[in-house]
Amino acid sequence: MDPGEREYTIIIRNLWKSYRDGRGSVIHALKGIDFHAAKGEMIVIHGPSGSGKTTLLKIIAGLEKPERGVVVVGGYDLGYLDDDQLAMIRNTVVGYIPQDYGLVDELSVAENIELPLLIAGIPKSERHRRVKEIASYIGLTDLMSRPVKSLSGGQKQRVAIARALVNTPKIILADEPTANLDWDNSAKIMELFKHVKEDFETTVVIVSHDPRVTDYADRLLTMSDGKLKEY
Ligand SMILES: Nc1ncnc2c1ncn2[C@@H]1O[C@H](COP(=O)(O)OP(=O)(O)O)[C@@H](O)[C@H]1O
Ligand SMILES: [Mg+2]
(Lines give C-alpha, C1' and ligand atoms only; values in the text may rest on other atoms or scores of the structure.)
(Ligands and ions follow the chains in the order given, each with its own letter.)
Protein backbone atom coordinates (compact mmCIF):
# COMPACT_ATOMS: atom_id res chain seq x y z
CA MET A 1 0.00 0.00 0.00
CA ASP A 2 1.16 3.53 -0.74
CA PRO A 3 2.32 4.90 2.63
CA GLY A 4 0.57 8.19 1.80
CA GLU A 5 -2.77 6.39 1.78
CA ARG A 6 -2.43 4.81 5.21
CA GLU A 7 -4.79 5.87 7.90
CA TYR A 8 -2.98 6.00 11.22
CA THR A 9 -5.20 5.26 14.21
CA ILE A 10 -2.41 5.87 16.74
CA ILE A 11 0.35 8.49 16.46
CA ILE A 12 2.79 9.03 19.32
CA ARG A 13 5.67 11.51 19.31
CA ASN A 14 8.35 11.83 21.97
CA LEU A 15 6.23 10.42 24.80
CA TRP A 16 7.68 10.53 28.31
CA LYS A 17 6.19 9.18 31.52
CA SER A 18 7.63 8.84 34.99
CA TYR A 19 6.33 7.66 38.35
CA ARG A 20 7.43 8.23 41.90
CA ASP A 21 8.07 5.12 43.92
CA GLY A 22 7.18 4.79 47.63
CA ARG A 23 10.41 6.47 48.74
CA GLY A 24 10.06 9.47 46.42
CA SER A 25 12.60 8.40 43.78
CA VAL A 26 11.59 9.00 40.16
CA ILE A 27 11.14 5.98 37.86
CA HIS A 28 11.31 6.82 34.16
CA ALA A 29 8.85 4.30 32.66
CA LEU A 30 8.79 5.79 29.12
CA LYS A 31 11.75 7.70 27.70
CA GLY A 32 10.83 9.39 24.44
CA ILE A 33 8.58 6.91 22.60
CA ASP A 34 7.78 7.39 18.90
CA PHE A 35 5.10 5.05 17.59
CA HIS A 36 2.38 4.83 14.98
CA ALA A 37 -0.16 2.19 14.06
CA ALA A 38 -2.30 1.93 10.95
CA LYS A 39 -5.87 0.78 10.45
CA GLY A 40 -6.07 -3.01 10.16
CA GLU A 41 -2.54 -3.57 11.46
CA MET A 42 -1.53 -6.08 14.13
CA ILE A 43 1.42 -4.89 16.17
CA VAL A 44 3.19 -6.87 18.84
CA ILE A 45 5.35 -5.01 21.36
CA HIS A 46 7.69 -7.44 22.96
CA GLY A 47 9.90 -6.80 25.93
CA PRO A 48 10.88 -7.87 29.43
CA SER A 49 8.91 -7.23 32.58
CA GLY A 50 9.31 -3.64 33.81
CA SER A 51 10.25 -2.24 30.37
CA GLY A 52 7.18 0.06 30.19
CA LYS A 53 4.71 -1.96 28.07
CA THR A 54 1.68 -1.63 30.35
CA THR A 55 2.35 2.09 30.89
CA LEU A 56 2.32 2.66 27.12
CA LEU A 57 -0.96 0.76 26.64
CA LYS A 58 -2.65 2.62 29.51
CA ILE A 59 -1.68 5.97 28.01
CA ILE A 60 -3.08 4.99 24.60
CA ALA A 61 -6.26 3.83 26.38
CA GLY A 62 -6.59 7.19 28.17
CA LEU A 63 -6.14 5.57 31.58
CA GLU A 64 -2.86 7.33 32.36
CA LYS A 65 -1.90 10.86 31.34
CA PRO A 66 1.16 11.51 29.22
CA GLU A 67 3.76 13.66 30.94
CA ARG A 68 5.37 15.04 27.79
CA GLY A 69 4.83 14.39 24.09
CA VAL A 70 1.92 13.98 21.69
CA VAL A 71 -0.58 11.10 21.73
CA VAL A 72 -3.25 11.02 18.98
CA VAL A 73 -5.74 8.15 19.19
CA GLY A 74 -8.49 7.69 16.60
CA GLY A 75 -7.92 11.29 15.47
CA TYR A 76 -8.22 12.73 19.01
CA ASP A 77 -5.20 14.45 20.56
CA LEU A 78 -5.44 13.11 24.13
CA GLY A 79 -3.49 16.08 25.54
CA TYR A 80 -6.44 18.36 24.77
CA LEU A 81 -9.23 16.22 26.26
CA ASP A 82 -10.89 16.62 29.65
CA ASP A 83 -11.80 13.65 31.86
CA ASP A 84 -15.28 13.18 30.32
CA GLN A 85 -13.86 13.17 26.81
CA LEU A 86 -11.15 10.69 27.88
CA ALA A 87 -13.90 8.45 29.29
CA MET A 88 -15.66 8.60 25.90
CA ILE A 89 -12.41 7.55 24.16
CA ARG A 90 -12.00 4.65 26.60
CA ASN A 91 -15.52 3.46 25.96
CA THR A 92 -15.88 3.85 22.18
CA VAL A 93 -12.61 4.50 20.32
CA VAL A 94 -10.44 2.02 22.20
CA GLY A 95 -11.10 -1.47 23.54
CA TYR A 96 -8.58 -2.10 26.32
CA ILE A 97 -8.07 -5.62 27.67
CA PRO A 98 -6.08 -5.55 30.92
CA GLN A 99 -3.81 -8.44 31.87
CA ASP A 100 -6.21 -9.63 34.58
CA TYR A 101 -9.15 -9.37 32.09
CA GLY A 102 -10.94 -6.72 34.20
CA LEU A 103 -14.21 -8.69 34.24
CA VAL A 104 -16.84 -8.60 36.99
CA ASP A 105 -16.66 -12.13 38.41
CA GLU A 106 -20.15 -12.19 39.92
CA LEU A 107 -21.89 -11.14 36.69
CA SER A 108 -22.72 -13.47 33.80
CA VAL A 109 -20.87 -13.55 30.50
CA ALA A 110 -23.72 -11.66 28.79
CA GLU A 111 -23.83 -8.99 31.54
CA ASN A 112 -20.07 -8.44 31.31
CA ILE A 113 -20.20 -7.99 27.53
CA GLU A 114 -23.13 -5.58 27.91
CA LEU A 115 -21.38 -3.22 30.38
CA PRO A 116 -19.73 -0.83 27.86
CA LEU A 117 -23.09 -0.47 26.07
CA LEU A 118 -24.82 0.39 29.35
CA ILE A 119 -22.17 3.03 30.07
CA ALA A 120 -22.64 4.44 26.55
CA GLY A 121 -26.39 4.75 27.18
CA ILE A 122 -27.49 2.38 24.39
CA PRO A 123 -31.18 1.34 24.64
CA LYS A 124 -31.93 -2.15 25.94
CA SER A 125 -33.11 -3.85 22.74
CA GLU A 126 -30.10 -2.56 20.82
CA ARG A 127 -27.80 -3.68 23.68
CA HIS A 128 -29.17 -7.20 23.55
CA ARG A 129 -28.90 -7.37 19.77
CA ARG A 130 -25.25 -6.30 19.84
CA VAL A 131 -24.32 -8.61 22.74
CA LYS A 132 -25.81 -11.57 20.88
CA GLU A 133 -24.07 -10.65 17.65
CA ILE A 134 -20.60 -10.27 19.18
CA ALA A 135 -21.01 -13.40 21.36
CA SER A 136 -21.83 -15.42 18.27
CA TYR A 137 -18.81 -13.97 16.43
CA ILE A 138 -16.46 -14.88 19.30
CA GLY A 139 -18.11 -18.27 19.93
CA LEU A 140 -19.52 -17.59 23.39
CA THR A 141 -23.21 -18.28 22.75
CA ASP A 142 -23.27 -21.44 24.89
CA LEU A 143 -21.73 -19.65 27.89
CA MET A 144 -23.95 -16.55 28.04
CA SER A 145 -25.67 -17.20 31.37
CA ARG A 146 -22.59 -18.60 33.15
CA PRO A 147 -21.04 -16.47 35.91
CA VAL A 148 -17.59 -15.35 34.79
CA LYS A 149 -15.99 -16.77 37.94
CA SER A 150 -16.85 -20.32 36.71
CA LEU A 151 -14.90 -19.95 33.45
CA SER A 152 -11.43 -21.13 32.43
CA GLY A 153 -8.65 -18.63 31.62
CA GLY A 154 -9.12 -19.04 27.87
CA GLN A 155 -12.88 -18.51 28.18
CA LYS A 156 -12.36 -15.38 30.33
CA GLN A 157 -9.96 -13.99 27.76
CA ARG A 158 -12.60 -14.50 25.05
CA VAL A 159 -15.23 -12.72 27.16
CA ALA A 160 -12.78 -9.83 27.69
CA ILE A 161 -12.23 -9.63 23.92
CA ALA A 162 -16.00 -9.65 23.28
CA ARG A 163 -16.50 -6.84 25.79
CA ALA A 164 -13.67 -4.83 24.22
CA LEU A 165 -15.24 -5.26 20.75
CA VAL A 166 -18.89 -4.63 21.56
CA ASN A 167 -18.71 -0.87 20.95
CA THR A 168 -16.89 -1.47 17.62
CA PRO A 169 -13.69 0.39 18.55
CA LYS A 170 -11.08 1.36 15.98
CA ILE A 171 -8.34 0.05 18.24
CA ILE A 172 -7.95 -3.02 20.44
CA LEU A 173 -5.20 -2.98 23.08
CA ALA A 174 -4.34 -6.25 24.82
CA ASP A 175 -1.94 -6.55 27.76
CA GLU A 176 -0.21 -9.96 27.93
CA PRO A 177 -3.27 -11.77 26.50
CA THR A 178 -1.59 -15.19 26.57
CA ALA A 179 0.11 -14.87 29.97
CA ASN A 180 -2.20 -17.30 31.76
CA LEU A 181 -2.89 -19.68 28.87
CA ASP A 182 -1.37 -22.92 27.60
CA TRP A 183 -0.07 -23.04 24.04
CA ASP A 184 -3.27 -24.41 22.51
CA ASN A 185 -5.42 -21.66 24.03
CA SER A 186 -2.81 -18.98 23.28
CA ALA A 187 -2.87 -19.94 19.59
CA LYS A 188 -6.68 -19.77 19.56
CA ILE A 189 -6.67 -16.30 21.13
CA MET A 190 -4.04 -15.02 18.68
CA GLU A 191 -6.06 -16.45 15.75
CA LEU A 192 -9.09 -14.60 17.09
CA PHE A 193 -7.19 -11.28 17.16
CA LYS A 194 -6.11 -11.96 13.57
CA HIS A 195 -9.72 -12.48 12.49
CA VAL A 196 -10.82 -9.30 14.28
CA LYS A 197 -8.12 -7.33 12.48
CA GLU A 198 -9.15 -8.75 9.11
CA ASP A 199 -12.95 -8.65 9.55
CA PHE A 200 -13.27 -5.17 11.11
CA GLU A 201 -9.99 -3.50 10.00
CA THR A 202 -9.27 -2.92 13.67
CA THR A 203 -5.80 -1.85 14.77
CA VAL A 204 -4.64 -4.48 17.26
CA VAL A 205 -1.76 -3.68 19.64
CA ILE A 206 -0.58 -6.54 21.81
CA VAL A 207 2.10 -6.16 24.45
CA SER A 208 3.71 -9.33 25.66
CA HIS A 209 6.86 -10.93 26.96
CA ASP A 210 5.65 -14.27 25.47
CA PRO A 211 7.86 -15.09 22.43
CA ARG A 212 5.12 -17.35 20.99
CA VAL A 213 2.89 -14.40 20.01
CA THR A 214 5.47 -12.70 17.78
CA ASP A 215 4.62 -14.94 14.77
CA TYR A 216 1.25 -13.23 14.48
CA ALA A 217 2.59 -9.70 14.17
CA ASP A 218 2.43 -7.61 11.00
CA ARG A 219 5.02 -5.47 12.76
CA LEU A 220 7.15 -6.44 15.74
CA LEU A 221 8.61 -3.84 18.08
CA THR A 222 10.82 -4.27 21.11
CA MET A 223 10.47 -2.32 24.33
CA SER A 224 13.55 -2.08 26.49
CA ASP A 225 14.05 0.19 29.50
CA GLY A 226 11.36 2.66 28.41
CA LYS A 227 12.48 2.86 24.78
CA LEU A 228 10.82 1.36 21.71
CA LYS A 229 12.62 -0.04 18.65
CA GLU A 230 11.34 -1.50 15.39
CA TYR A 231 12.51 -5.11 15.34
N1 LIG B 1 1.74 3.23 39.29
C2 LIG B 1 3.07 3.11 39.33
N3 LIG B 1 3.78 3.68 40.34
C4 LIG B 1 5.14 3.57 40.39
N5 LIG B 1 5.86 2.92 39.47
C6 LIG B 1 5.22 2.33 38.45
C7 LIG B 1 3.79 2.40 38.33
N8 LIG B 1 3.42 1.71 37.20
C9 LIG B 1 4.56 1.25 36.66
N10 LIG B 1 5.65 1.62 37.40
C11 LIG B 1 7.07 1.31 37.09
O12 LIG B 1 7.32 1.71 35.74
C13 LIG B 1 8.15 0.76 35.07
C14 LIG B 1 7.41 0.18 33.87
O15 LIG B 1 6.31 -0.61 34.32
P16 LIG B 1 5.27 -1.30 33.35
O17 LIG B 1 4.78 -0.32 32.35
O18 LIG B 1 4.25 -1.99 34.18
O19 LIG B 1 6.19 -2.38 32.61
P20 LIG B 1 5.83 -3.78 31.90
O21 LIG B 1 4.37 -3.77 31.59
O22 LIG B 1 6.71 -3.83 30.70
O23 LIG B 1 6.19 -4.85 32.89
C24 LIG B 1 8.50 -0.29 36.13
O25 LIG B 1 9.73 0.08 36.71
C26 LIG B 1 7.39 -0.17 37.13
O27 LIG B 1 7.80 -0.58 38.41
MG1 LIG C 1 2.93 -5.14 32.11
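This is a predicted model: local features need pLDDT of at least 70, side-chain atom pairs count only at pLDDT 80 or more; totals for chains, interfaces and linings use all residues.
I began with the strand order. Six strands make up an open sheet, running β6-β7-β8-β3-β9-β10, and the pairing is mixed. I then looked up which strands stand at the edges: they are β6 (94–97) and β10 (227–230). Each has a single partner strand, so one side of each is left without a neighbour in the sheet. On average, neighbouring strands here are turned by 20° against each other, direction ignored.

Next I checked how β6 meets its partner. β6 pairs with β7 (residues 171–175) in the parallel sense, over four bridges. In β7, alanine 174 stands opposite isoleucine 97.

**The helix**

What does helix α1 lie across? I found that α1 (residues 53–60) lies across β3 (42–46), β6, β7, β8 (203–208), β9 (219–224) and β10. It runs at about 155° to β7.

**Ligand 1**

I moved on to the ligand and listed its surroundings. The residues around ligand 1 include Tyr19, Arg20, Pro48, Gly50 and Lys53. By type, the shell divides into four nonpolar, six polar and two charged residues. β1 (8–20), β2 (26–38) and α1 each supply at least two residues of this shell. Which element gives the most? That is α1, with three residues.

Then I looked up some polar side-chain distances. Lysine 53 has a side-chain N or O atom 2.8 Å from an oxygen atom of ligand 1. For threonine 54, a polar side-chain atom is 2.8 Å from a ligand 1 oxygen, and for threonine 55 the distance to an oxygen atom of ligand 1 is 2.6 Å. Last, I noted the cover: ligand 1 has 570 Å² of accessible area on its own, and the protein covers 63% of that.

Notes:
Residues are numbered from 1 along each chain as its sequence is written. Chains are lettered from A and ligands numbered from 1 in the order in which they are written. Side-chain values use heavy atoms; hydrogens and water are left out. Two strands pair if DSSP finds at least two bridges between them. Axes are lines fitted to C-alpha atoms, for helices over the stretch in contact, and angles run from 0 to 180 degrees between N-to-C directions. Contact means heavy atoms within 4.5 Å. A residue is near a molecule or strand if one of its heavy atoms lies within 4 Å of it. A polar contact is a pair of N or O atoms within 3.5 Å; within protein, one must be able to donate a hydrogen and the other to accept it, and residues adjacent in sequence count only if both atoms are side-chain atoms. Accessible areas come from the Shrake-Rupley method with a 1.4 Å probe; for residues, only the protein chains shown count as cover. Ala, Val, Leu, Ile, Met, Phe, Trp, Tyr, Cys and Pro count as nonpolar, Asp, Glu, Lys and Arg as charged, and the others, Gly among them, as polar.
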